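Morning, everyone. Please have a look at the chain on the screen, and keep it open while I talk.

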Amino acid sequence: MSSSSETGVIGEFIDEIDPIPFVVGALVTLAFVLVAGFRTDWMSTQLGTAFNVFGQGLAWMYLGSMSALLIVGVYLMLSKYGRIKLGDGEPEYSYFSYVAMFFSAGLSAGIVFFGPVEALTHYSSVPPLFSSGIEANTQAAMVPALAYSIFHYGVHAWGGYLAIGIPVGYYVYNYGMPMRTSTALAPLIGEENLDGIVGKTVDTLAVVATLGGIATGLGFIAQQLLAGVTYRTGIQFGNVETIIAVVGITVIFTISLVAGVDRGIRRLSDFNIAMMVVLLIVALVLGPTLNVLNTGVAALGTYVQNIGQMSLFTGSGTEGGATWTSFWTVFYWSWWIAWAPFVGLFLARISKGRTIREVLFTALITMTSVSFIWFTVVGGTSMWLQNAGAVDILGAVGEYGDGVAGYVLFESFVLGDLWGTIFLILVITFFATSADSSTLAVAFLTTGGKEDPSSLNRVFWGVLQGVIASILIVLGGASALRTSVIITGAPFAIVCLLAFGLFLVRLGQDHDAMVFESGFSWFSKPDQSVTPDESTVPTDDD
């Protein structure tokens, strides 16, 4: 590469940086890396303490916030506001590609890791809410075990993402505001103040939360990848080897990352869905089909019947309940909230031309259906094979960790080596798409909302995320990953609630009030330099 070209690349990188979010985010990341490197034992102890303080002390906030966000989302989907379009013109992507990218960004890191093992874990240790009268490791334990897996990846999972994604998409495509997290609070702080202290603070917190959230996702998938290699080849990974391997994997996803959304993320997302369908068919056809389907339908009924109680179960007053809730539900809710800045921005980026109802339907109905099918088939098959003694998945998990469950499951079928290899490929490509979408969002946040950040910016954050993920694995594995996201997600629970509440107010001001009167004036309406296209505004005749 010529000197002038290098200068151009570096110059573009420097010119596009939004100094405060970029510098603070980078410094926080580097500080964590240095402290973890020089005071490893101390950092491990602090993470353990923080898990108890945040996980149990803030359970009420996480559970209450996600329930409130879900209620607002359902209301928007069913109300007349659902007909409002995010911008003009037709959608940029086909619905299949849209769903694939939606799924890969929002759920992939967790669903691939926990799909084969979460229900199995609850089967071997029944959740406190359902433990009365149900013995672990029995067929009776399967239905509540699977119901909780569906619950953790069901409608609640999308509350935080939608609370950022829909308002940002509306303000960006209908009012010409910048693509950044602070834009979600524009009705409160004013569009002209997005570059002020509050706006910069929100964007900086978004960078920190995103780095913690995606490091957790990458950490779990990296663990799954390394566990698969160890299980299949016997190669062991020490601390140094783990760091080298995880950071090295980031090189793989930067190839797709630099290619951009159309050529990289979209194609990998389509591929992911295709591979998941293949593995679903394999598990359903070669596994105990009828038993799995019956368990899945029963679990869905249990989920629907008990969704209110499951949503607000803090574990208080139940022996072991608070610890269990922190380890599972609070962890998941904080993970989804920590991912809200990057997944929300990514969803806004790919949702131009779609209605609010389409976005909400895709999240709450389509994605929940996909999660239900995946956990029913993969998780249900794991439980039934374990119960029948056909394969000892729990034994392998005890030896290699949770990440090995998928390999043991798929290699137990006819042509097992083939299905195990496909599962390994799926783990790698899901790692790539999760990292792609998150790094693109961090680049949005650190460039003041630039929709096409430079390749160097994306690679910079991609490598840092790989470093954080590898260090968290070394510090404490799954426990450190859970703690990291519980801490970083806390501030954004408040941001998400504010964003969705303010959005209802703004819609009432722009398109006739349904929740608040048109004269509602708790927050002043910011100056609007761009008027929404008339075709995007529903009328009373619609």
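Arg506 lies over the face of Tyr175, at 4.6 Å from the ring centre. The rule here: a charge sits over a ring if NZ of Lys or CZ of Arg is within 6 Å of the ring centre and within 35 degrees of the ring normal. Arg354 is placed over the face of Tyr98, with 4.2 Å to the ring centre.

A word on where this comes from. This is a predicted model, where local features need pLDDT of at least 70, side-chain atom pairs count only at pLDDT 80 or more, and totals for chains, interfaces and linings use all residues. Residues are numbered from 1 along each chain as its sequence is written, and side-chain values use heavy atoms, with hydrogens and water left out.

Next, ring against ring. Rings of Phe, Tyr and Trp (its six-membered ring) pair if their centres lie within 6.5 Å; planes under 30 degrees apart count as stacked, over 60 as edge-to-face and the rest as tilted. How many aromatic pairs does this rule give? The count is 34. Among them is Phe113 with Phe114, an edge-to-face pair: 4.8 Å centre to centre, 70° between the planes. Both Phe113 and Phe114 are buried. Buried means under 20% relative accessible area, exposed means over 50%, and partly exposed is in between (1.4 Å probe, protein chains only).

Now take Phe151 and Trp333. Their ring centres are 5.2 Å apart and their planes sit at 50°, so this pair is tilted. The pair links distant parts of the chain, 182 residues apart: Phe151 is in helix H8 (residues 142–152) and Trp333 is in helix H14 (residues 321–350). Helices (H or I, at least four residues) are DSSP runs, numbered from the N terminus. Phe151 and Trp333 are both buried.

Stay with H8. Is it enclosed or open? Ten of the eleven residues of H8 are buried, so the helix is largely enclosed by the rest of the structure. Those buried residues include Met142, Pro144, Leu146 and His152. They pack against helix H7 (118–124), H13, H14 and H15. Contact means heavy atoms within 4.5 Å.

H13 and H15 also meet each other. How do the axes of helix H13 (residues 289–311) and helix H15 (residues 356–388) cross? They come within 9 Å and cross at roughly 125°. Axes are lines fitted to C-alpha atoms, for helices over the stretch in contact, and angles run from 0 to 180 degrees between N-to-C directions. H13 and H15 are therefore oblique to each other. Angles under 35 degrees count as roughly parallel, over 145 as roughly antiparallel, 65 to 115 as roughly perpendicular, and the rest as oblique. On the H13 side, the contact residues include Asn291, Thr295 and Leu300, and on the H15 side they include Phe372, Gly380 and Trp384.

One more residue in H15 is Thr366. Thr366 is buried, with a relative accessible area of 18%. Leaving aside neighbours within four places in sequence, Thr366 is in contact with Tyr95, Val99 and Phe361.

Last, the loops. Asn137 belongs to the loop between H7 and H8. Its phi is near 65°, a positive value in a residue other than glycine. Asn137 is partly exposed, at 40% relative accessibility. Leu415 is in the loop between helix H17 (405–411) and helix H18 (416–445). Phi of Leu415 is positive too, near 60°. Leu415 counts as exposed, at 55% relative accessibility.

Technical notes
Helix = DSSP H or I, 4+ residues; strand = E, 2+ residues; numbered from the N terminus.
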